[in-house]
Amino acid sequence: AKPAAVSTPQPVSAVNPPAAAAAAMPGVAAAPAAVEAPVLAPGEVPYGLEDVKGKMVPLPDTDGWGIMGLDESLNAHRGHLGYRWDMYKKWRWEIDENEGGLEKFSRGYETYGFTETEEGIWYREWAPAARAASLIGEFNGWNTGSDPMLKNEYGVFEVFLPNNADGSRAIPHNSKVKIHLQTEAGEWVDRIPAWITVATQEPDAIPFDGVYYAPPEHERYQFKHARPPKPENLRIYEAHVGMSNMEPVINSYADFRDNVLPRIKKLGYNAVQLMAIQEHAFYGSFGYHVTNFFACSSRCGTPDELKSMIDEAHRLGLHMIVDIVHSHASNNVIDGINMFDGSEGMYFREGPQGYHWMWDSRCFNYGSWEGGRYLLSNL
C-alpha cells in the first residue's frame, strides 16, 4: 500500500519570527519576551522532553544567558542571545508538535531520497519551486517520460518503482541516476538527488553523477568493533585521507586503514579528525565546498570501504571525528544543491545574505523548515 503523503508543514511563526522578536536583532539592546510553553494537562510529557532513541532529553529550563558568567563581553549582545534562545525553544516546540520530536525530525533520510521496501523503491525529493519532475538514469535509458513524479501540497515529489517480475530491484546497484526538473521559468534541468549517498565522476569527465548505492546484504560491511571507551583526554590527529599517501596520488580509505591508522596509533594519538569526507566536486576546496552532503568522497572509495576504515580505527582504540560542513555549501549548480529547483532560496538565504563572498559559496537559511530537516538529518 502506498504510504501517506510526506507531511512537511512550515510554521509561519518559525520561519518568520514575530515583529517583537525581530526587534531583538543585532543592535537592539532590549531582550525579547520569553516564548512560553503551552499549558499541559495532568500526566502529559513536560515541555521540551522528547524520546531520543529511547532516552528522554529535557530542554534546559534556563533563560539561556548563563554563558555571560563565562564571558562578560557577551553582555553587549544580551538581547540578541536571548532572542536566539527563545527562538530555539520555540522551534523545539514547533518540531515536537508537527514532527513528533527532534530525533524523528532528524531522520529525514528514512523518507527522502531513495528508500526500499519489500515491494520496490520509493524516491522522494523536496523541490517546491519546480513545476514537474521525473526520475531518470541508466535503469530507464535516461528517458524523461518513463518515470514521472507526483508533487504533493508540501512541494514534495515522489515516485514508486515496483520490483521487476523476477524480484530484482528496478534500479540496479551502482547505476547512475538524476532527477529531471522543470523550473518555475519553464526550463528543464537535471540534478543529482539532494539526498544521494554516492556521487561519482567518470575519468576525464567534468560533471558528477548520482549513483544508486544499494549493494546486496552480503556485500555490505558489518561493523565488528564497538567504539572505544571515552578517554580522559583527547589527543587528536587531523588528517585528509586523499592527501595521506607518500606518493603523488589520491589516497584511498583502504590504504589509510592499512597504512596510516597504525602509524597514528603508534604515535600515541587516541582520536583521528578527518577532513573532506563529504563529497565535494572541487578537490582544491579541501572538502569545504560540499556538493553532496549525504555522500562520502568517492575519490577515496565506497561507503563500505569508509565503514571498514572506521571499524579498524575502533579496533585500534582510536576515536573517529568527521568534519561536517554546515556553515555554507558549494555554489556549484550542476553537481550540488544550489538552485536545485531553479530557485535561489530553496535551501539558502536569498540575496546578498545567501552568498559568502570570501568563499564564493552559498549560505544556508537556518530558518527554513526543510532546510533544518536536511541539515539535522545529515548529522
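These legends accompany close-up views of a predicted model.

The model is predicted, so local features need pLDDT of at least 70 and side-chain atom pairs count only at pLDDT 80 or more, while totals for chains, interfaces and linings use all residues. Residues are numbered from 1 along each chain as its sequence is written, and side-chain values use heavy atoms, with hydrogens and water left out.

**View 1**
Seven helices and 19 strands make up the secondary structure of the chain; helices (H or I, at least four residues) and strands (E, at least two) are DSSP runs numbered from the N terminus. Of the 379 residues, 46% are buried, meaning under 20% relative accessible area with a 1.4 Å probe, protein chains only.

**View 2. Serine 134 sits in strand 5.**
Strand 5 covers residues 132-137. Serine 134 is buried, at a relative accessible area of 3%. A polar atom of its side chain lies 2.9 Å from the backbone oxygen of threonine 144. Leaving aside residues up to four places away in sequence, serine 134 touches Thr144, Asp147, Pro148, Met149, Lys178, Ile179 and His180 (contact means heavy atoms within 4.5 Å).

**View 3. The largest pocket is lined by 44 residues.**
A pocket is an open set of points on a 1 Å grid over the protein atoms alone, with protein on both sides within 12 Å along at least five of seven lines, and lining residues have an atom within 4 Å of a point. The volume here is about 1900 Å³, counted as the space filled by probe spheres set on points joined across faces, edges and corners. Look for Phe294, Lys307, Ser377, Asn378 and Leu379, which lie nearest the centre of this pocket. Helix 6 (303-315) is one of the elements that supply at least two lining residues, and its six residues are the largest share. By class, the lining has 27 nonpolar, nine polar and eight charged residues.

**View 4. The largest cavity holds about 50 Å³ of space.**
In a cavity, a 1.4 Å probe fits but cannot get out. Among the residues lining this one are Met275, Phe286, Tyr288 and Asp323. Seven of the lining residues are nonpolar, two polar and one charged.

**View 5. The second largest cavity holds about 30 Å³ of space.**
Its lining includes His240, His280, Tyr283, Ser297 and Cys300. Here the classes divide into five nonpolar, four polar and no charged residues. Met275 and Ala276 line this cavity, and both also line the largest cavity.

Note on methods: Buried < 20%, exposed > 50% of the residue type's maximum accessible area, 1.4 Å probe, protein only. Polar contact = N/O pair within 3.5 Å; in protein donor to acceptor, adjacent residues only side chain to side chain. Nonpolar A, V, L, I, M, F, W, Y, C, P; charged D, E, K, R; others polar.
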